[in-house]
Amino acid sequence: MMIELGYFAVITALMVSIAGIIIPVAGLWTVNNSLIRAGRQIVTVNFLLISLACGTLIYSFLMRDFSVKYVAMNSNSRLPVFYTIAALWGGHEGSLLFWTWILSAFAALAAWIHWKKHPATIPYLIAIESAVTAGFLALIVFLSSPFERIFPAPSEGMDLNPLLQDPGMVFHPPFLYLGYVGFSIPFSFAMAALLSGRLGEEWIRSTHRWTLLSWIMLTFGILMGGYWAYYELGWGGYWAWDPVENASFMPWLVGTAYLHSVMVQEKRKMFKVWNLFLIIVTFSLSLLGTFLVRSGILSSVHAFANDPGRGVYILIFMSAVLLFSFGTLIIRSNLLKTKIEMDSIVSRESAYLFNNLFLLIATATVFLGTLYPLLVDTLYGTKVTVGAPYYNKVFMPIVLIILILMGIAPMIAWRKASAENIRRNFLIPLIAGLASAAIFAIFGIRMAYPLIIVFIACFVSATIIIDLYKTSSYWSSHSGVSLPAGIYKAWHHNQRRYGGLVTHIGVLVLILGIVGSSAYKLEKTVMLKPGDEFKLGSYSYKFLGIQDAAGINWRGVEALFNVYEKDRFVAEMRPQKRQYMGGSQMPTTEAAIEPRRMGDLYLSLSEITEEGWITVMAFQNPLIHWIWYGGGIMGLGVVLILFKRRRRDS
Amino acid sequence: MTKGRKIGIGVSILIIAGALGYLALGNFGENLIYFYTPSEIRTLSPDYYGRKVRVGGMVVMGSLKVIPNTLRMNFDLTDGAETIQVAFEGVPPDLFKEGTGAVAEGYWDSGKIFHSNMIMAKHSEDYMPIEMKRAGVELPKKDFIKSLQE
């Protein structure tokens with residue numbers, strides 16, 4: 001009966017959300033306070049109902065109730081409890097419910113947190129959030145219910161896709177969703193500002209933390225997906241420009257543009273329309289990401305649903321969101337005229353403008369490559385894919401420009417930078433960058449991209465170090481403390497700026513990891529019999545033999561390797577091949593990864609013949625761990641900003 | 001802001017956008033990879049021989065021949081109507097075996113043999129080229145549920 005209770009809860013939640021679209025706005029128009037207050041109860045009730053629905057589904061999973069179709073399709077009785085709970089978002093229907101649950105939680109949180117400060121806009125916020133929630137609930141109730149039963153019930157479930165039985169895969173979707181759904185709050189605030197006509201900077205200030213948090217969650221979600229692909233798929237890489245990867249990357253790119261351009265509005269009251277445009281696009285791309293992944297129109301790891309009805313529904317839903325938001329933006333555009341104009345092309349404003357421009361061009365590039373195959377298929381019935389070389393060739397120059405702007409923008413003056421300002425801030429970094437590129441060239445780095453990246457990394461780091469040194473020595477002499485204490489004071493007085501700069505360093509570290517691991521990657525595929533040895537880079541690998549391996553719900557074999565660096569034993573590596581004991585016939589590959597100081601050694605077992613020969617793919621990925629470190633530093637930067645103490649005077 | 005500056009910003013944006021647009025579109029055509037079924041590839045015009053394409057179908061039962069102690073293998077790929085021979089060198093993905101769907105990337109050599117060094121890594125057994133699903137070659141999920149109940 002539990003699962004029927006869950007189904008009943010989502011149906012009720014759907015009706016409650018529809019009420020949530022109408023009641024608060026009606027309250028605002030009729031100046032009826034009790035109706036407005038009802039809005040807050042509505043989002044809370046909604047959250048409780050959807051939590052109940054998720055609860056019943058988790059309960060059915062834990063009770064191994066295979067009469068529930070979704071449970072039967074995505075788990076079996078041998079599945080460990082941890083993955084049994086995570087199976088909630090392991091398939092199409094459940095992940096939509098989970099998406100909606102996060103949405104309802106965020107809507108309720110936002111309504112309670114911002115209630116006092118924004119009495120005039122909160123009703124609209126509740127209405128918008130309720131509308132999006134209703135859209136997803138309708139999809140769940142009518143087209144994608146995880147509450148369906150099958151009769152007669154099978155005695156055993158299929159299994160959770162073995163590839164998903166991995167910690168990386170358990171955390172990757174929730175983080176992505178937190179990011180996607182998080183952007184709905186700034187979006188709703190923006191729409192509320194448009195609808196209420198209160199188009200000052202309040203909505204941007206109030207959503208600052210939401211934006212940052214969503215952005216970093218999305219960043220982590222994407223990186224976790226990459227890390228999972230790296231060690232679980234056994235192909236030695238972490239990013240393949242797969243349409244589904246692109247689907248999460250597009251909102252990230254535009255979200256990054258938005259994150260920067262709001263600062264211009266806060267400081268200079270410019271870019272008003274532009275910011276509204278960006279947040280609408282960011283949230284729409286989050287929805288598009290869901291659409292691409294969940295509609296099944298793309299053949300990929302993630303596209304499990306193959307029901308065209310769902311695709312059409314999400315398409316209609318998205319068109320409604322786009323029409324409504326851009327329509328409102330156009331109607332309200334007369335309220336958005338500002339007198340302030342850009343003073344000079346050499347200024348921080350224009351650096352932000354160009355940053356935005358390039359991020360949008362990057363997004364358009366990905367958009368084109370991702371959706372062109374769909375377009376051609378729809379129009380001509382021809383199947384094409386856009387190869388990774390397209391993205392690599394087009395994307396890299398754009399990234400380089402964005403990185404240079406990343407070094408320039410924080411240090412250049414607002415309004416109009418003088419020649420003096422530019423020379424003072426950029427002469428030494430320029431020399432530092434060129435000098436280090438020259439040193440690296442002497443020591444044998446000859447490829448163009450690595451050299452340019454070294455230049456940019458040193459240029460940008462130098463600007464940051466010089467800036468930090470100047471400010472902290474100002475503070476140390478100003479209040480008579482030591483230089484380290486000065487650094488603390490500098491950070492303390494402008495947490496947002498220094499948090500942002502730390503994030504920039506994270507980006508640089510990440511890019512160095514990407515460039516290093518792709519430009520200097522070594523790979524080799526070899527066939528070996530026990531006792532054979534092969535060399536890759538400065539390491540030699542000795543294959544000792546194969547042995548059995550087993551876990552709770554899988555059996556497998558592993559190949560045993562001893563790794564030597566110049567005859568010195570450095571590591572033992574055991575790439576595995578697993579067979580899960582569920583309904584799945586698919587073996588999975590567990591790569592063996594040995595982190596060394598300069599990068600990863602990576603072995604992936606491909607095949608074992610009856611005679612005991614194995615085929616193994618070996619990779620050496622220099623600097624690849626810098627990608628994950630970079631993500632960590634970016635997160636640290638965001639934390640530094642989030643834990644900003646509120647100023648007493650405001 | 002003076003008119004001159006406005007024009008300056010506008011022109012520089014246009015130039016940059018144009019350059020990048022050229023870069024993007026210029027690289028687009030040559031990086032498009034066409035996807036064919038065995039029937040389609042048989043009717044391919046000779047102009048396309050040697051061009052990188054993908055072909056998808058089912059691996060014919062009993063056709064897979066691995067050449068011992070090499071990374072080479074031969075197999076037949078079918079869409080039900082037509083069958084082509086594939087010569088593959090490399091490491092096939094986990095799911096690759098006889099009787100399942102496969103997508104191979106390579107070139108159609110003189111209209112006789114498909115040479116491939118990459119078989120798409122497919123991450124789920126549910127996955128299969130959409131046109132194969134349409135043709136009903138693979139058992140749909142429904143049948144799987146039925147088999148569970150029996």
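This is a predicted model: local features need pLDDT of at least 70, side-chain atom pairs count only at pLDDT 80 or more; totals for chains, interfaces and linings use all residues.
Helix α8(A) is mostly covered, with 11 of its 13 residues buried. Among the buried residues are A:P186, A:F187, A:F189, A:M191 and A:L194.

In soluble globular proteins, nonpolar side chains tend to be buried together. The largest nonpolar core in the model holds 177 residues, and the members that touch the most others are A:L97, A:W203 and A:L403. For A:L403, with residues up to four places away in sequence left out, the contacts are A:I453, A:I456, A:V460, A:V507, A:L508 and A:I511. Apart from this core there is a second, separate one of 20 residues, which includes A:V526, A:A571, A:A592 and A:L605.

Over all chains the count comes to 18 salt bridges. One of them joins A:E4 to A:R149, with the closest N and O atoms 2.8 Å apart. Because A:E4 belongs to helix α1 (residues 2-29) of chain A and A:R149 to the loop between α6 (122-142) and α7 (167-182) of chain A, the pair ties together parts that are 145 residues apart in sequence. The bridge belongs to a network of salt bridges that links A:E4, A:D65 and A:R149.

Further along chain A, A:R574 forms a salt bridge with A:E558, and here the closest N and O atoms are 3.0 Å apart. A:R574 sits in the loop between β6 (568-573) and β7 (576-580) of chain A, while A:E558 is in strand β5 (residues 554-565) of that chain, so the bridge ties together parts 16 residues apart in sequence. The two partners fall into separate accessibility classes: A:R574 is partly exposed, with a relative accessible area of 37%, whereas A:E558 is buried, with a relative accessible area of 6%.

A salt bridge also brings together the side chains of A:E590 and A:R578, at 3.8 Å from N to O. A:E590 lies in strand β8 (residues 587-590) of chain A and A:R578 in strand β7 of chain A, so this pair ties together parts that are 12 residues apart in sequence. Both A:E590 and A:R578 are buried.

Two residues of chain A illustrate polar side chains in buried positions. A:T84 is placed in helix α4 (residues 81-86) of chain A and counts as buried at 0% relative accessibility. A polar contact of 3.3 Å joins its side chain to that of A:R64, and a polar atom of the A:T84 side chain lies 2.7 Å from the backbone oxygen of A:P80. With residues up to four places away in sequence left out, A:T84 touches A:F61, A:L62, A:R64 and A:L79. The other residue, A:H92, lies in helix α5 (residues 92-113) of chain A and is buried, with a relative accessible area of 3%. The side chain of A:H92 makes a polar contact of 2.8 Å with the side chain of A:S144.

Of the 9 residues of strand β6 (residues 101-109) of chain B, 7 are buried, so the strand is largely enclosed by the rest of the structure. Strand β6(B) pairs in the antiparallel sense with strand β2 (residues 53-59) of chain B over 6 bridges; within this strand, B:E105 is the bridge partner of B:R54. Another 6 bridges join β6(B) to strand β7 (residues 113-119) of chain B, and these two strands also run antiparallel. Here B:Y107 stands opposite B:H115 in β7(B). The hairpin of β6(B) and β7(B) has 3 residues between the strands, and in it B:S110 takes a positive phi near 45°.

Terms used:
Residues are numbered from 1 along each chain as its sequence is written. Chains are lettered from A and ligands numbered from 1 in the order in which they are written. Side-chain values use heavy atoms; hydrogens and water are left out. Buried means under 20% relative accessible area, exposed over 50%, partly exposed in between (1.4 Å probe, protein chains only). Helices (H or I, at least four residues) and strands (E, at least two) are DSSP runs, numbered from the N terminus. A nonpolar core is a set of buried Ala, Val, Leu, Ile, Met, Phe, Trp, Tyr and Cys residues joined through side-chain atoms within 4.5 Å. Contact means heavy atoms within 4.5 Å. A salt bridge is a side-chain nitrogen of Lys or Arg within 4 Å of a carboxyl oxygen of Asp or Glu. Two strands pair if DSSP finds at least two bridges between them. A polar contact is a pair of N or O atoms within 3.5 Å; within protein, one must be able to donate a hydrogen and the other to accept it, and residues adjacent in sequence count only if both atoms are side-chain atoms.
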